[in-house]
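Subject: Structure handover and findings

Dear colleague,

Please find below the structure that I am passing on to you. My notes on what was found in it come after.

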Amino acid sequence: MDIFHNLIMGFQTASSWENLFFCFVGTLIGTLIGVLPGIGPSAGVAILIPITFGMNSTTAIITMAGIYYGAMYGGSTTSILLNIPGESCSVVTTLDGYQMSKKGRPGPALGMAALSSFIAGSFAILMLTFIAPTLANYALSFGPPEYFALTFLGLTMVTSLGGDSLLKGLISTVIGLLISSVGIDTISGLTRFTFNSMYLLEGIGFIGMAVGLFAIAEVLVNVEEPMQQIFTKTKLNLRSLFPNLQDWKDSLGALWRGSIIGFFIGVLPGAGATIASFMAYAAEKKFSKHPEKFGTGVIEGVAAPEGANNAAAGGAMIPLLTLGIPGSATTAVLMGALLIHGMRPGPMLFSTHTKFVWGLIASMYIGNIMLLIQNMPMVGLWVRLLKIPYKILMPVIITIASVGVLATDNNIFDMWIMFFFGLVGYFMRKMEYPGAPMVLGLVLGPMVETSLRQSLTLSYGSLGIFFTRPISAVLIVCAIISLLFPLFRNLWGQWFLKNR
């Protein structure tokens, strides 16, 4: 009863005209930030912190939380239409979302992205409402061995992202892991593979690499083809802009599985929405009756990662509010904003600032509905982008990509990284090497290395630490099964054909 009483009080707080207005403003700005690649929710929240100084604490945090989950909504737009990941967690959406656009179905892809984001976001908020403290305490049991096992499990997803050739997927992943080692070693503090360049001290920028591999490479590939072959003629009637009954039938299972995976990974501090979206996509491909169709434009490939990254955004709020531990880069910025406004996140926050906490949770319900109302009418507008002749669209894509990458750190070197990986991506396309495993390697590389070395330090070099702790042991076994699954499937197929 206390939960429902607190939730009613929260809605009373969140529904004041001031909080409603700034919730709307936050979600709208967040969507725009998500559409423009490179800026990201963490940078967007950080930039707008000074603007909130004159607001009361509840309104300020409601605004910045709106930017956070609004950016998760908007990140899919350019991924689907232009093959430009708006956020790191939208990289997986490009695999099937962009292919749907090329098949003349950008409307259902955008509609499913918005609706799955709404459903997964609502699920995460419900979970945040009812089981936040329990899950947060469980997340504390994750140490270096558990994080290594989790990220190792993430790396085995290369079996799902590698396309037709597992070997090429593995090669691409290893290159990504090598690239992730550039910069300062987090354990020893020594520099590695920087070639005495100050620009490489912080490593290879993720956004520059991802935008280059996907967007710039796509432009270079399409320059060789007749302009009219880039996108098929897209129907613009109202019916074609939304997922049909068959789309929902195909996507419901993917959406719920992605939401559950995304939420529980989001609760783990440091895991983040990017890992959640990759894992949800890989899990869906393994569950699917037609895994070979993934990457060719199936709507499940949009629903699963979009559901996962939005559920992860809600899950990341749990360790922030209940333990004072930021679960992602954006929640780290939000934690700073909370402290600036006199709110110390942690176990006492729920008892000392009850009205604030439940007002924030209630505003997330309201903000999720606002985002759906904002995004669904705009689907047709975004789809009209595909009617622009490619000779005009091509420089627009390069301009958007360049501005987004430059805005990340205001560093011209990141643009050179983008163009370099654009060429790399172009030659990878020609040789049929997948780009997604390389991105996966770059994302997971630092966490895999750091957690492995910390674990071995704790165990004095013994690998037994990964098998004597129950959570890490289960995750390692799941990782091995995931890695060997394609082999078992091939052997089973050969045995079945011989014994028919």
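The notes below go from the model as a whole to single elements and residues.

This is a predicted model, in which local features need pLDDT of at least 70, side-chain atom pairs count only at pLDDT 80 or more, and totals for chains, interfaces and linings use all residues. Residues are numbered from 1 along each chain as its sequence is written, and side-chain values use heavy atoms, with hydrogens and water left out.

Confidence. The average pLDDT (the predictor's confidence in each residue, from 0 to 100) is 78 for the chain, and 81% of the residues score at least 70. A contact here means heavy atoms within 4.5 Å.

Overall architecture. The chain has 23 helices and 2 strands, taken as DSSP runs (helices H or I, at least four residues; strands E, at least two) and numbered from the N terminus. Of its 500 residues, 57% are buried, where buried means under 20% relative accessible area, exposed over 50%, and partly exposed in between (1.4 Å probe, protein chains only). Among contacts with a separation of 6 or more, 79% join residues 24 or more positions apart.

Helix H17. This helix (residues 354-375) has 22 residues and reaches 32 Å from first to last C-alpha, close to the 32 Å expected at 1.5 Å a residue; the expected span is 1.5 Å times one less than the number of residues. H17 is largely enclosed by the rest of the structure, because 18 of its 22 residues are buried.

Helix H23 and the surface. Leu166, Leu170, Ile480, Leu483 and Leu484 make a nonpolar surface patch of about 360 Å². Helices H9 (166-180) and H23 (470-498) each give two or more residues to the patch, and H23 gives the most, with 3. Leucine 483, in H23, is partly exposed, at a relative accessible area of 36%. Proline 470 also lies in H23 and counts as exposed, because its relative accessibility is 64%. Proline 470 and glutamate 146 are 324 residues apart in sequence, yet their C-alpha atoms are 9.0 Å apart in space.

Yours sincerely

Definitions and conventions: Patches are made of residues with over 30% relative accessible area and no salt bridge: like charges are joined within 9 Å, nonpolar side chains (Val, Leu, Ile, Met, Phe, Trp, Tyr) within 5 Å. Accessible areas come from the Shrake-Rupley method with a 1.4 Å probe; for residues, only the protein chains shown count as cover. A salt bridge is a side-chain nitrogen of Lys or Arg within 4 Å of a carboxyl oxygen of Asp or Glu.
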